[in-house]
Amino acid sequence: LAMGSGNRIFDLERKLRRVDFYLRGVIRDAIPHALFAARRRSLFAHLRPADVPAHIVARVNYCNKLGADASVAGARRNAEIALKDGSFYYYDLKQYAKAFAPDLLLDYAFGDITFVPERPAIVKSRPIAGENTNSVVMKLDALRHFARFPDRLAFADKPKTAVWRGASPGHSGMRRRLVERFHDHPRHDIGYVHAVDQLPAKSFLTPHQQMQHRYVISVEGNEVATNLKWILASQSLCLMPRPTFETWFMEGTLQPGVHYVELRPDFEDLEEKIAYFDRNEDEARAIIAAANAHAAHYANPRHERLAALLVLQKYFERTGQLPPEPFSDEIFRC
């Protein structure tokens with residue numbers, strides 16, 4: 001009953017967050033472009049590089065790597081961002097794009113993007129390895145990927161168990177290997193929420209329920225793992241194979257042994273790693289503290305807005321559509 005009640009409360013909270021998200025988006029769409037543009041100009045007119053936190057400068061330049069010769073020839077206009085292309089993505093991008101002139105060229109690719117576009121485009125995700133400059137990352141589909149869930153249970157007070165829940169095998173096969181190996185494990189709670197082939201379903205667990213375990217496993221699906229953000233903000237230890245895709249969360253900057261515990265892609269070392277951190281709790285808490293510090297950079301709405309506007313400003317400057325702002329030379333470093 002407690003688990004069922006928790007699931008119903010979580011589902012209700014999720015629906016209320018969606019209603020709030022869409023209501024805010026519709027209201028913003030009704031506000032004239034000029035008001036957003038005036039607010040941006042006022043912000044940038046008083047912006048001093050010394051006042052911009054270092055983690056924002058780093059994020060802007062990491063998420064937008066465009067050089068001065070970037071070209072968006074053939075791209076659509078800013079005003080042509082379409083709701084039909086994906087409402088979550090549309091409203092997340094539009095709230096910042098509306099602060100810039102409608103006739104500026106702004107390309108985008110919505111969805112689980114695992115490729116690098118042919119010309120500079122705004123994306124939610126990109127490959128970590130290789131040349132990914134044309135993938136300009138912004139905080140898209142944020143309602144799903146950046147939801148935060150408080151965790152007040154200390155690591156030492158949690159049972160020495162691991163948990164994972166997922167909805168599909170994913171493109172890499174890692175999720176299938178994890179579930180095939182540990183679905184029937186007597187200690188850990190690992191499984192799909194829907195039956196996959198011969199693997200039966202296990203009950204859905206909310207983030208709050210998963211955070212009751214000391215160890216929460218994160219595994220990429222079609223691209224980034226959705227649960228990674230809230231795990232790193234919790235008091236549980238994140239265990240995962242090294243990520244191959246990244247988002248606004250800068251997964252490519254996360255360091256194994258510093259922010260998370262790295263697992264082999266076949267998960268043969270899962271029990272060994274758990275046994276080690278059961279014996280070395282102080283080391284586990286140090287990793288959790290570093291993970292929490294990384295996640296905290298995304299918790300300030302004013303910082304998030306400033307970073308997003310700077311990413312777009314750099315996009316328009318580096319594609320030759322806007323002149324540099326006085327702060328550009330110091331903030332836009334690549």
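1. A residue counts as buried when its relative accessible area is under 20%. In this predicted model, Asp-141 has a relative accessibility of 5%, and therefore falls in the buried class. Asp-141 belongs to the loop between strand S4 (135-137) and H5. Its phi is near 55°, a positive value in a residue other than glycine.

2. Met-250 may be read alongside that residue. Its phi is near 60°, again positive in a residue other than glycine. Met-250 is placed in the loop between strand S9 (245-246) and S10, and with 10% relative accessibility it counts as buried. As background, most residues other than glycine have a negative phi.

3. The next topic is the sheet. Five strands form an open sheet in the order S6-S5-S7-S8-S10, and their pairing is parallel. Which strands stand at the edges? They are strand S6 (189-192) and strand S10 (261-262); each has a single partner strand, so one side of each is left without a neighbour in the sheet. In general, the strands of a sheet pair through backbone hydrogen bonds, either parallel or antiparallel.

4. S5 and S6 pair in the parallel sense over four bridges, and Val-163 stands opposite Asp-189 in S6. S5 is also joined to S7 by two bridges, and these two strands run parallel. In that pairing, Ala-162 stands opposite Tyr-215 in S7.

5. Is S5 enclosed or open to the outside? Five of the five residues of S5 are buried, so the strand is largely enclosed by the rest of the structure. Ala-162, Trp-164 and Gly-166 point one way from S5, while Val-163 and Arg-165 point the other way; all are buried.

6. Aromatic contacts come next. A pair of aromatic rings is described by the distance of the centres and the angle of the planes. The structure holds 21 aromatic pairs. In one of them, the ring centres of Tyr-90 and Tyr-91 are 5.0 Å apart and the planes stand at 75°; since planes over 60 degrees apart count as edge-to-face, the pair is edge-to-face. Tyr-90 is buried, with a relative accessible area of 8%, and Tyr-91 is buried at 7% relative accessibility.

7. A further pair is formed by Phe-155 and Tyr-215. Their ring centres lie 5.9 Å apart with the planes at 85°, so this pair is edge-to-face. Phe-155 lies in the loop between helix H5 (142-145) and strand S5 (162-166), and Tyr-215 in strand S7 (residues 215-217); the pair therefore ties together parts that are 60 residues apart in sequence. Phe-155 has a relative accessible area of 2% and is buried, and Tyr-215, with a value of 0%, is buried.

8. Ring pairs also link Phe-21, Tyr-22, Phe-88, Tyr-90 and Tyr-91 into a cluster. Charged side chains meet rings in the model as well. Arg-214 lies over the face of Phe-155, at 4.6 Å from the ring centre. The charged end of Lys-65 sits over the ring of Tyr-62, 5.2 Å from its centre.

9. The largest pocket holds about 1,200 Å³ of space. Its lining has 39 residues, and those nearest its centre are Gln-95, Tyr-96, Pro-301, Glu-304 and Arg-305. Which element gives the largest share of this lining? It is H11, with six residues. Among the elements that supply at least two lining residues each are helix H1 (2-30), helix H4 (87-97) and helix H11 (301-318). By class, this lining has 20 nonpolar, five polar and 14 charged residues.

10. The second largest pocket has a volume of about 850 Å³. Of the 32 residues that line this pocket, Arg-14, Arg-144, Phe-204, Thr-226 and Asn-227 are the closest to its centre. Two or more lining residues come from each of H1, H5, S5 and helix H7 (207-210). H1 gives the largest share, four residues. The lining of the second largest pocket has 15 nonpolar, eight polar and nine charged residues.

Definitions and conventions. Residues numbered from 1 in each chain as written. Predicted model: local features only at pLDDT ≥ 70, side-chain atom pairs only at ≥ 80, totals over all residues. Heavy atoms only, no water. Phe/Tyr/Trp six-rings, centres within 6.5 Å; stacked < 30°, edge-to-face > 60°. Buried < 20%, exposed > 50% of the residue type's maximum accessible area, 1.4 Å probe, protein only. Lys NZ or Arg CZ within 6 Å of the ring centre and 35° of its normal. 1 Å grid on protein atoms, 1.4 Å probe; cavity = no way out; pocket = protein on both sides within 12 Å on 5 of 7 lines; lining within 4 Å. Points joined across faces, edges and corners; volume = space filled by probe spheres on them. Nonpolar A, V, L, I, M, F, W, Y, C, P; charged D, E, K, R; others polar. Pairing = 2+ DSSP bridges.
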